[in-house]
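The sequence and the model are shown first, and the description follows.

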Amino acid sequence: MSALEELLAYPGLWRGRGTGTPAATPTRPSGFAQLDRVLRGGWPRGQLTELIGTPFGCGETRMLLPVLAACTRERRRVMLVAPPATPWVPGWRQLGVDPGLVFVIRAASEEDIIWSCEQILRHPKTGALLAWLHGNRSAPLRRLRLAAGAGDACAFLYRPPAAAAQPSPAHLRIRWRADGDQLHLEVIKFTGGRVADDKPVAIRRDDY
Amino acid sequence: MKTRDDQGHTSVRSSPGARRASVGGPQLALLPPVLPERNPETESASGQALWLAVDLPHLALDALVQTGSMASKPLIITEDSARPRVHDANRSARQAGVRPGMALADALAVLNAPIVRDYEPEIIRQHLQTLASVLLQFTDHVCPEPGERRILLEVGRSLRLFRGTAALEARVRDTLRQLGYTPRIGIARTPAAARLLAHLRHPARPLARDALRRTLSPLPLTVLPLPAADITALHGIGLERIGELLRLPRNDLTLRYGTRLPELIDRLLGDRPEPVPRFRPPETPAFQLDFDQEVNAIGALRFPLKRLLLQLEQTLRAGNHHIQGLELQLRHRGTTTRLTLERSQPGSRAEEWLELWNIRLSRLELPAPVRGLRLAVPCLLPAGADPAGLFNSRDGTRDDSGFLTRLRARLGDDAVLRFAPTLQPLPEEAQEACSPETFPALTSAGATPAQRVVGASLWLCPPQPSPPPGPLEWLGRLEGGWWTGNDQRRDYAVTTDRQGRLCWVFRDLRSGQWQLQGFWG
């Protein structure tokens with residue numbers, strides 16, 4: 001059933017008495033014009049976004065800072081679940097994120113991480129969730145997708161490269177790769193339509 | 001007011017007790033005349049003492065949790081280890097013919113494999129203390145009597161608040177039933193008479209002296225708390241009922257039986273005041289339940305835990321307290337598992353605590369079968385306004401603290417953190433971890449020293465040696481710590497390593513070594 005619904009949501013599919021394009025997913029501007037164009041407005045809200053790549057620290061968190069700053073300006077929380085390092089809040093503050101709204105959740109087992117993410121996504125004050133998942137399994141993500149739909153937070157899941165080969169219920173999947181002074185973002189799944197051009201989006205890492 | 005008194009309660013006026021009570025009359029007269037309708041019963045008694053006795057004949061049984069499936073299995077509690085006899089027995093054992101007071105051997109003869117437990121006076125005393133704490137919500141004068149498994153309450157001044165004796169009695173009964181106890185309640189104008197009525201399950205509620213006399217008169221002498229010899233002696237002179245005893249002249253009774261008998265009569269009728277000590281609740285209450293059998297499944301702990309939490313809630317309500325942390329002890333054979341739970345907001349509601357404990361218990365593996373539960377309160381907090389509030393909190397979000405508390409209940413107390421910037425110059429000291437509920441107000445709106453120099457790095461690691469970096473972008477120099485003996489001079493830079501990571505590095509100016517401080521990305 002869900003496969004059929006997903007198929008019907010695909011804008012490339014022409015339906016005889018269709019109602020036109022499905023309702024657009026609400027988004028938050030990413031802060032990069034080029035990326036906003038590809039993502040049709042920005043990072044999706046109330047949906048899962050997977051960011052696949054390695055190693056930690058290439059700028060894959062920094063590219064989200066404009067979104068996180070926007071969340072804390074609305075007095076909504078930024079929840080970091082199982083980050084590989086400690087956030088250095090003076091730096092976050094410098095980039096406009098209120099440290100009082102940044103919460104770090106330490107969880108070790110996959111089960112605890114998923115459970116915490118679920119609780120966080122369902123909470124109305126959550127603005128953005130950043131979770132670092134180790135496992136390749138996609139099954140627990142279905143629970144997260146339901147939880148994300150219950151709120152309107154941006155849910156970013158960092159996953160190892162091996163996860164790219166697995167199917168996933170995420171709304172948007174992006175593979176990132178650092179190259180010189182650029183971060184290449186390649187959209188590998190985008191529910192609701194192909195990207196205009198299949199070329200990776202490049203973000204200059206010293207732009208921000 | 002006065003005329004109604006005269007009409008309805010002339011009998012009260014004529015009695016000496018009521019005359020004493022009318023000394024307090026001016027205070028009553030000061031009350032505003034417009035009050036919600038009062039029934040004459042409460043009015044006549046509102047100035048004088050009124051005693052409510054709670055008799056708990058099955059306390060030893062109530063104190064044992066009967067694990068659900070075993071409800072049909074006979075259970076007897078024995079006392080007096082020299083010549084064991086039955087103290088109390090559950091319904092299934094009673095149906096087989098076991099009665100309290102029976103010799104244990106006789107009981108065992110009629111029962112098929114019963115559970116036998118010893119009567120433990122210390123546990124009975126603890127339960128009475130807990131219940132006394134709970135009953136403090138109805139009056140400030142409570143007195144547990146452990147030897148008799150009874151609690152006395154002075155409720156004369158509580159009648160108006162609780163709208164009469166009948167309503168108050170129902171409240172007390174419901175409260176105790178909800179906690180899993182089976183009370184018998186008696187109300188009378190003297191403690192001695194209240195005890196008697198509670199013990200007999202007598203329905204009368206004599207508030208006036210004459211009514212009390214009328215109630216007591218038809219009762220047999222054997223119900224009086226007197227030694228058997230005295231009862232026999234009274235029977236010997238042809239007395240059967242209390243009323244016959246009351247008609248005899250006191251002085252002659254004193255001559256014949258000593259002072260004990262007249263004193264008892266005086267205390268029953270209220271002619272001689274009986275001092276009743278006041279109960280002071282313990283500073284750190286604890287609640288305990290024992291199981292009739294060892295419990296192996298976590299699920300079976302939930303129901304008794306709920307009962308403990310309800311006791312806790314009622315006790316906290318009586319003392320107008322809240323709690324923020326709780327310790328649950330699972331008592332095994334010889335050992336104890338201790339679990340603690342800390343909430344971000346103080347509260348007392350049993351359902352909230354039960355939900356948190358359910359989360360915690362669902363992740364627990366029992367190391368050994370559980371024989372009993374104990375709930376300890378590390379410290380009591382004064383209750384402010386109810387944190388859950390009548391409406392949701394101001395910014396429209398619901399159950400905000402509960403969310404973080406749930407996370408902490410499952411992941412551990414130090415698993416949910418925030419970091420606050422400090423004014424220390426060294427980056428690793430430029431922030432401190434705080435628990436979610438304590439977050440200092442940021443000292444200044446401006447940048448902290450570390451922030452001003454090294455700017456917008458995102459991630460921090462413990463400093464670790466790193467190979468000399470390739471091309472780098474200098475950030476600035478930080479010096480600090482000379483006042484603590486940890487003198488540091490560092491030049492900071494950002495560089496890209498071979499894997500493409502944006503590294504945040506520094507060179508120690510003393511040793512010339514490069515160290516990795518964190519990640520820029």
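Which residue takes a positive phi in the hairpin of β9(A) and β10(A)? In this predicted model, that residue is A:G180, with a phi near 60°. The hairpin has two residues between its strands.

**Chain A**

Chain A has 208 residues, of which 45% are buried. Six helices and 11 strands are found in this chain. Among contacts in chain A with a separation of 6 or more, 69% are between residues 24 or more positions apart.

| Strand pair | Sense | Bridges |
|---|---|---|
| β19(B) and β20(B) | antiparallel | five bridges |
| β6(A) and β14(B) | antiparallel | two bridges |

**Where the chains meet**

The contact between the chains takes 36 residues from chain A and 37 residues from chain B. On the side of chain A that touches chain B, the elements giving two or more residues are β5, α4 (89-94), β6 (102-105) and α5 (110-122) of chain A. The largest share, six residues, comes from α4(A). By class, this side of chain A has 19 nonpolar, 10 polar and seven charged residues.

Strand β6(A) pairs with β14 (residues 416-421) of chain B. In that pair, A:V104 has B:L417 as its bridge partner.

**A sheet with strands from both chains**

An open sheet of six strands has the order β5(A)-β16(B)-β20(B)-β19(B)-β18(B)-β17(B), with antiparallel pairing. Its edges are β5 (86-87) of chain A and β17 (472-480) of chain B; each has a single partner strand, so one side of each is left without a neighbour in the sheet.

Within this sheet, β19 (residues 502-508) of chain B pairs with β20 (residues 514-519) of chain B. There, B:R507 has B:W514 in β20(B) as its bridge partner.

Note on methods
Residues numbered from 1 in each chain as written. Chains lettered and ligands numbered in written order. Predicted model: local features only at pLDDT ≥ 70, side-chain atom pairs only at ≥ 80, totals over all residues. Pairing = 2+ DSSP bridges. Helix = DSSP H or I, 4+ residues; strand = E, 2+ residues; numbered from the N terminus. Contact = placed C-beta atoms within 7 Å. Nonpolar A, V, L, I, M, F, W, Y, C, P; charged D, E, K, R; others polar. Buried ≥ 20, exposed ≤ 12 C-beta atoms within 10 Å, placed from the backbone.
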